Amino acid sequence: MNGPPAPLVQELSQLGYTLMRLLLAQAKEAFAQEGLSLLQTEVLRLVKEGVSAPSRLAEHLEVQPSQVSHLLASLEEGGLLKRELDPLDRRRLHLRLTQRGLEVAERLQAAWLSLFGQRLARLEAHELLLFRDLLRKLTGGEDA
């Protein structure tokens, strides 16, 4: 068999899953203070990063287009997002954050980074760099 021993793979898998569950549970509470769900928060983040087509949001979120439509409607009703017709192709919609939506997205990003930073604060400086390098290697982001 290639790769690490199965018990180690299982333990690492469980630890990774537990870490993400802990972070997402804390994030869910922080985002709820803004009146938003995890998915709504992710929509704001994606639109802020330039994803402007509902179909692309559905791809990124791995949900059905009808779910995206409901998410967009709730964010639009909350004054966080605008859906605008493409002036060159009126069959297409473009999404953009309102000023309020941008401010909320920035607060949510700061909350997420704070939560993650609190978890990372348990590591020593050299461990943080090693953790970063290992994650880069595992995600293919950069050769470590």
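Colleague: What covers the buried residues of α2?

Modeller: The cover includes α1, α3 (54-61), α4 (65-77), β1 (81-85), β2 (93-97) and α5 (99-120). Contact here means heavy atoms within 4.5 Å. Helices (H or I, at least four residues) and strands (E, at least two) are DSSP runs, numbered from the N terminus. This is a predicted model, where local features need pLDDT of at least 70, side-chain atom pairs count only at pLDDT 80 or more, and totals for chains, interfaces and linings use all residues. Residues are numbered from 1 along each chain as its sequence is written, and side-chain values use heavy atoms, with hydrogens and water left out.

Colleague: Which residues of helix α2 are buried?

Modeller: In α2 (residues 38-48) they are Q40, T41, V43, L44, L46 and V47. Buried means under 20% relative accessible area, exposed over 50%, and partly exposed in between (1.4 Å probe, protein chains only).

Colleague: Why is the pair E34 and R107 called a salt bridge?

Modeller: A salt bridge is a side-chain nitrogen of Lys or Arg within 4 Å of a carboxyl oxygen of Asp or Glu. For E34 and R107 the N to O distance is 2.7 Å, so the pair meets the definition. E34 lies in the loop between α1 and α2 and R107 in helix α5, so parts 73 residues apart in sequence are tied together.

Colleague: Why is E34 called partly exposed?

Modeller: Its relative accessible area is 28%, which falls between the cut-offs for buried and exposed. R107, at 43%, is also partly exposed.
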